[in-house]
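Trainee: Could we go through this model together, one contact at a time?

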Amino acid sequence: MLWTVIGWLVFGLIAGFIARAVVPGKDDIGILMTIVIGVAGSVVGGFVFGLLTVGFRGFQPAGWIGSIIGAVIVLVIYNKVTGRKRLRR
């Protein structure tokens with residue numbers, strides 16, 4: 001069970017880091033929030049994938065691509081809700 005938790009944390013960190021690299025602008029969030037965004041993105045990606053393919057079957061984690069797409073969605077929503085990121089022109 002410990003390795004499962006560690007795997008989720010590493011998976012969330014990688015997905016969150018890639019999402020931060022894809023979304024333009026500077027993110028002033030730490031490693032813990034990056035992990036949370038990555039793990040939440042995996043759940044969101046699984047939900048969206050389930051809706052688009054086989055129908056809603058509950059919250060399930062997604063694979064790498066679904067997790068990254070979900071993490072991007074979660075990060076954009078997080079930035080809009082908190083107002084933390086402003087693009088400078």
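Mentor: Let us begin with handedness: the crossing of α1 and α3 is right-handed, a crossing being right-handed if the near helix is turned clockwise from the far one by less than a right angle, and left-handed if anticlockwise. Helices here are DSSP runs (H or I, at least four residues; strands are E, at least two), numbered from the N terminus. This is a predicted model, in which local features need pLDDT of at least 70 and side-chain atom pairs count only at pLDDT 80 or more, while totals for chains, interfaces and linings use all residues. Residues are numbered from 1 along each chain as its sequence is written, and side-chain values use heavy atoms, with hydrogens and water left out.

Trainee: At what angle do α1 and α3 pack, and which word describes α1 relative to α3?

Mentor: Their axes, which are lines fitted to C-alpha atoms over the stretch in contact, with angles from 0 to 180 degrees between N-to-C directions, lie 8 Å apart at an angle of about 60 degrees. Angles under 35 degrees count as roughly parallel, over 145 as roughly antiparallel, 65 to 115 as roughly perpendicular and the rest as oblique. The angle of about 60 degrees therefore makes α1 oblique to α3.

Trainee: Why is the pair of Trp-8 and Phe-11 given its class?

Mentor: Rings of Phe, Tyr and Trp (its six-membered ring) pair if their centres lie within 6.5 Å, and planes under 30 degrees apart count as stacked, over 60 as edge-to-face and the rest as tilted. The centres of Trp-8 and Phe-11 are 6.4 Å apart and their planes stand at 75 degrees, so the pair is edge-to-face.

Trainee: Is Phe-11 buried or exposed?

Mentor: Buried means under 20% relative accessible area, exposed over 50%, and partly exposed in between (1.4 Å probe, protein chains only). Trp-8, at 31%, is partly exposed, whereas Phe-11, at 16% relative accessibility, counts as buried.

Trainee: Which aromatic residue in helix α3 pairs with Phe-11?

Mentor: This second partner of Phe-11 forms a tilted pair with it, 4.2 Å centre to centre and with 50 degrees between the planes. The pair links distant parts of the chain, 53 residues apart, from Phe-11 in helix α1 to a residue in helix α3. That residue is partly exposed, with a relative accessible area of 43%, and is Trp-64.

Trainee: Which residues do the ring pairs link into a cluster?

Mentor: The structure holds 2 aromatic pairs. Ring pairs link into a cluster Trp-8, Phe-11 and Trp-64.
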